[in-house]
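Here are some notes to go through with the model open on your screen. They start at the ligand and then move on to the pockets and the backbone.

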Amino acid sequence: MRAICSHEYGGSDVLQLEEVEQPPINDHQLLVAVKAAGINPVDTYIRGGTNNYTTTFPHIPGMDGAGEVVQVGADVKGFCTGDRVFFHRCVTGSAADFTVCDPNTTYKLPDSVSWVEGACMGVPGLTAYRALFNRGHAVAGESVLIHGATGAVGTIAVQLAKAAGLNVTASAGTEEGERLLRQLGADQIVNHRSEDYLKPWNNMDDGFDLILEMLADVNLDRDLKALGRRGRVVVVGSRGNIEITPRDLMARDAAVMGMALFNGTPAEFRQISQALFPLLDSGMVKPVVRQTFALGDLAKAHDAVLQSGAAGNYVIDLSL
Ligand code: NAP
C-alpha cells in the first residue's frame with residue numbers, strides 16, 4: 001500500500017511517499033481503508049519530536065481519518081465490513097491507504113457526511129466537545145469565548161456551542177477568519193491581533209462564563225481578567241509559558257482546567273460520538289474544509305497547518 005513515512009525527527013522534508021506492507025490486525029482491531037486523513041498541529045509535533053512528543057521509526061503520521069471498515073477482528077463487536085467510520089488515534093497512522101484502528105476510538109460516520117468532512121471530526125471534533133462540555137460544563141444561556149476560533153478545533157467549537165444554546169464570542173486573527181466566524185453564526189467576533197479586544201468583558205459583571213483557550217501561553221493572563229464570577233478557562237492549546245495574576249482567579253472564584261484528548265476514556269468517547277452523530281447527520285455541525293491535498297503532498301499540509309490565518313481544516317484526500 002502507499003504510505004507517507006519518516007525515518008527520523010525533522011521538518012516536513014522528512015516525509016516521503018513509500019510502498020509498504022499493509023498492516024495486519026489482531027482480534028481486537030479493525031482495518032480501515034482510509035479515504036481521507038485529517039491534519040492536526042499534533043502531527044507536526046510528533047514528526048519533529050517537539051512539545052514532549054516522541055515516536056518510533058519508521059513513522060506513518062496521522063491520527064485522524066475517515067474511511068471504510070474492510071476487516072473486523074474476531075473479538076470486535078459493533079462494527080461490520082463496509083461501515084463508514086471516522087477515527088482518532090489510529091494505531092498505524094492515517095497517511096496511508098489502510099490503517100489499523102482501535103474500536104474504542106472509531107465512530108460511525110453518517111452517510112450525509114463526506115469522507116473529507118469526516119476526517120475533520122476525530123481530534124478536532126472530540127476535542128471541541130470534550131473541552132466545552134465534559135471539562136468546561138457549558139450549559140445553555142452561558143457566554144463562551146472561543147479564543148482561537150478559526151482553526152480545526154475552534155470552527156467545530158463555535159458550531160457546537162451555538163447548537164447548545166450558548167452565547168458565542170469567537171476570535172480570529174484575520175478578516176477572512178472573521179468572515180468565516182460570521183458565517184458559522186458567532187454572536188460576537190473579536191480579532192486577537194487588535195489592541196484591548198477583550199476590554200468589553202474586563203469586569204466581573206460582564207465577563208465570560210467559559211473560555212476555550214487555544215494559545216494559553218499568550219492569552220491566559222488576559223483570559224482571567226475577562227472571566228465573570230465562577231468563570232472557567234479550559235486550556236486546549238499552549239506552546240510555552242506565561243505569567244498570570246492569581247488574584248484574578250481568587251477574586252472571581254474562577255478555575256483554570258487543562259484538557260488533553262489523550263485523557264478521555266472509552267466511555268467518554270462513546271458518549272461524545274453519540275452526541276456528535278445527530279448533529280453531523282442533520283448538518284447542524286458541518287466541518288469547515290479549507291483545502292485538500294493528495295497523499296504525496298502531506299508535507300505541504302504539515303507546513304500549512306502551522307501558518308497563522310487559519311480558516312478551517314486541512315485534509316488529505318486519498319482519491320486525489
Ligand atoms: P489550528 O487549526 O492551527 O488553529 C489555531 C488557532 O489558534 C487559530 O484559530 C488561530 O487563529 C488561533 N490563534 C493564533 N494566534 C492566536 C492568539 N494570539 N490568540 C488566540 N488564538 C490564536 O489548530 P487547532 O487544530 O484548532 O488546535 C488549536 C490548538 O489546540 C493547537 O495548539 C493544538 O495543538 C491544540 N490541540 C490540543 C488538543 C488537546 O487535546 N488538548 C487537541 C487538539 C488540538 P488565526 O490563525 O486566525 O490567528
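1. Start with the side chain of Arg-239, where an N or O atom is 3.4 Å from an oxygen atom of the ligand. That makes a polar contact, meaning a pair of N or O atoms within 3.5 Å. Please keep in mind that this is a predicted model, in which local features need pLDDT of at least 70, side-chain atom pairs count only at pLDDT 80 or more, and totals for chains, interfaces and linings use all residues. Residues are numbered from 1 along each chain as its sequence is written, and side-chain values use heavy atoms, with hydrogens and water left out.

2. Asn-219 places a polar side-chain atom 2.8 Å from a nitrogen atom of the ligand. At Gly-151 the backbone takes part, with an N or O atom 3.1 Å from a ligand oxygen. On its own the ligand has 910 Å² of accessible area (Shrake-Rupley method, 1.4 Å probe), and the protein covers 88% of that 910 Å².

3. Now the largest pocket, with a volume of about 1,400 Å³. A pocket here is an open set of points on a 1 Å grid over the protein atoms alone, where a 1.4 Å probe fits, with protein on both sides within 12 Å along at least five of seven lines; lining residues have an atom within 4 Å of a point. The volume is the space filled by probe spheres set on the points, which are joined across faces, edges and corners. Of its 50 lining residues, Pro-41, Tyr-45, Met-214, Gly-237 and Arg-239 are the closest to the centre.

4. Domain 1 (2-120 + 287-317) and domain 2 (124-262) each give at least three residues to the lining of the largest pocket; the bounds come from an automatic or database domain assignment. By class, this lining has 24 nonpolar, 20 polar (Gly counts here) and 6 charged residues (Asp, Glu, Lys and Arg).

5. The second largest pocket holds about 270 Å³. Its lining has 16 residues, with Phe-79, Thr-106, Tyr-107, Arg-270 and Ser-273 the closest to the centre. The biggest share comes from α8, with 7 residues; helices are DSSP runs of H or I with at least four residues, and strands are runs of E with at least two, numbered from the N terminus.

6. Finally, check the loop between α1 and β4 (65-72), where Pro-58 lies. The peptide bond from Phe-57 to Pro-58 is cis, with omega near 0°. Asn-52 also lies in the loop between α1 and β4, and has a positive phi of about 70° although it is not a glycine. Most residues other than glycine have a negative phi, and most peptide bonds are trans.

Technical notes
Polar contact = N/O pair within 3.5 Å; in protein donor to acceptor, adjacent residues only side chain to side chain.
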